[in-house]
Amino acid sequence: MVGKESHVEYDDLTPARDGSLRIRLPRPSDRLDQDAEHCSVLVDGEWQDIRFHDYDRIYRIPGLYEQLFHDILDCSSPDVIAKLLKEELQQDGYEPDSLRVLDLGAGNGLVGEQLRNIGVGALVGVDIIPEAREAALRDRPDVYQAYHVADMTALSPALRGELASYRFNTLSCVAALGYADIPPAAFRAAFNLISDNGWIAFNIKDRFLSEEDTSGFATLIRRLRDEKVMTLLTSERYQHRRNVSGEPLHYFALIGTKNSDIPEDFLP
Ligand SMILES: C[S@@+](CC[C@H](N)C(=O)[O-])C[C@H]1O[C@@H](n2cnc3c(N)ncnc32)[C@H](O)[C@@H]1O
């Protein structure tokens, strides 16, 4: 439950149609930051209030993530990142099937699906919650060749060895950095599993790259570029999705190539 916010009034945006869930969003007058957004969903005849960051609850309801973020709120990020990566590969004359990708914060597999569409060779997902893996295996069973539930900052020696054995040359990380999601230390751990000259494809909310950023990502990404740990090939500001009030949320899509590991002192 959303707790003290459960009194809010909702607009029912999705009249029932075959096979779809009934979802209500809070009225536009309820101003919410992205990590406080929530909705109400009709499940087995009962309305459940679910915060957008309660990914475990969202993934347990088949189709909710797709319907909420993609159909209603127009999330474009998996498409945008895959398309930009494909363009950079083409410019450099790279065949997508040579890519061995670590998809960090893989969720229920929407990014993996787009990466499969552009023809990547190998694809391994990592997410911190088991519900993400269960949803990916349930909804997109053929997308990942392996999918691990793990905290990148506390890998067991066995899993570290297994991840190293994939010899990843690409990192994707979409809609998962910042807020209470992936911290700089976990991003660094994943980045450092990618081989030198590998591809780095990710996005991040524009605010986390601004002067006011307190997440640590603005400084980290500036240093990656300035100190040539990563060569930035593309940086594009675009509409990631709309918020519950219908206003655009802007993110940066970044595609680069890795030159060297991120030193520990780059972390906040
Ligand atoms: C908004 S979803 C994005 C999922 C997918 N990348 C997409 O674009 O559809 C964010 C995902 O990041 C995962 N996540 C949050 N913190 C994480 C962490 N520290 N390590 C790995 N995954 C994390 C969440 O469990 C969730 O599945």
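This is a predicted model: local features need pLDDT of at least 70, side-chain atom pairs count only at pLDDT 80 or more; totals for chains, interfaces and linings use all residues.
Figure 1. Where they touch, domain 1 puts in 24 residues and domain 2 puts in 24 residues.

**Figure 2. What gets covered up between domain 1 and domain 2.** How much area do domain 1 and domain 2 bury between them? It comes to about 1900 Å², with 49% of that on carbon and sulfur atoms. Now pick out Gln34, Tyr59 and Glu66: this trio supplies 32% of the area that domain 1 buries against domain 2, more than any other three residues.

**Figure 3. Salt bridges and polar contacts at the interface.** Look across the interface of domain 1 and domain 2 and you'll find three salt bridges. There are also 11 residue pairs in polar contact across this interface. So much for the pairs; which pieces of domain 1 are on the touching side? S2, helix H1 (55–60) and helix H2 (64–72) each give at least two residues to the side of domain 1 that touches domain 2. H2 gives the largest share of that side, with five residues.

**Figure 4. Arginine 60 meets glutamate 131.** Zoom in on these two side chains and you'll see them joined in a salt bridge. The N to O distance here is 3.3 Å.

**Figure 5. Strand S3 and its two neighbours.** Is strand S3, residues 38–43, mostly covered or mostly open? Mostly covered: five of its six residues are buried. On one pairing, S3 is joined to strand S2 (residues 23–26) by two bridges, and these strands run antiparallel. On the other pairing, six bridges tie S3 to strand S4 (residues 46–51), again with the strands antiparallel.

Figure 6. Over in S4, the bridge partner of valine 41 is glutamine 48.

**Figure 7. The turn from S3 into S4.** What do S3 and S4 form together? They make a hairpin, with two residues between the strands. One to spot in the turn is aspartate 44, which has a positive phi of about 50 degrees.

Key. Residues are numbered from 1 along each chain as its sequence is written. Side-chain values use heavy atoms; hydrogens and water are left out. Buried means under 20% relative accessible area, exposed over 50%, partly exposed in between (1.4 Å probe, protein chains only). Helices (H or I, at least four residues) and strands (E, at least two) are DSSP runs, numbered from the N terminus. Two strands pair if DSSP finds at least two bridges between them. Contact means heavy atoms within 4.5 Å. Buried area is the accessible area (1.4 Å probe) that two parts lose on being put together, summed over both. A salt bridge is a side-chain nitrogen of Lys or Arg within 4 Å of a carboxyl oxygen of Asp or Glu. A polar contact is a pair of N or O atoms within 3.5 Å; within protein, one must be able to donate a hydrogen and the other to accept it, and residues adjacent in sequence count only if both atoms are side-chain atoms.
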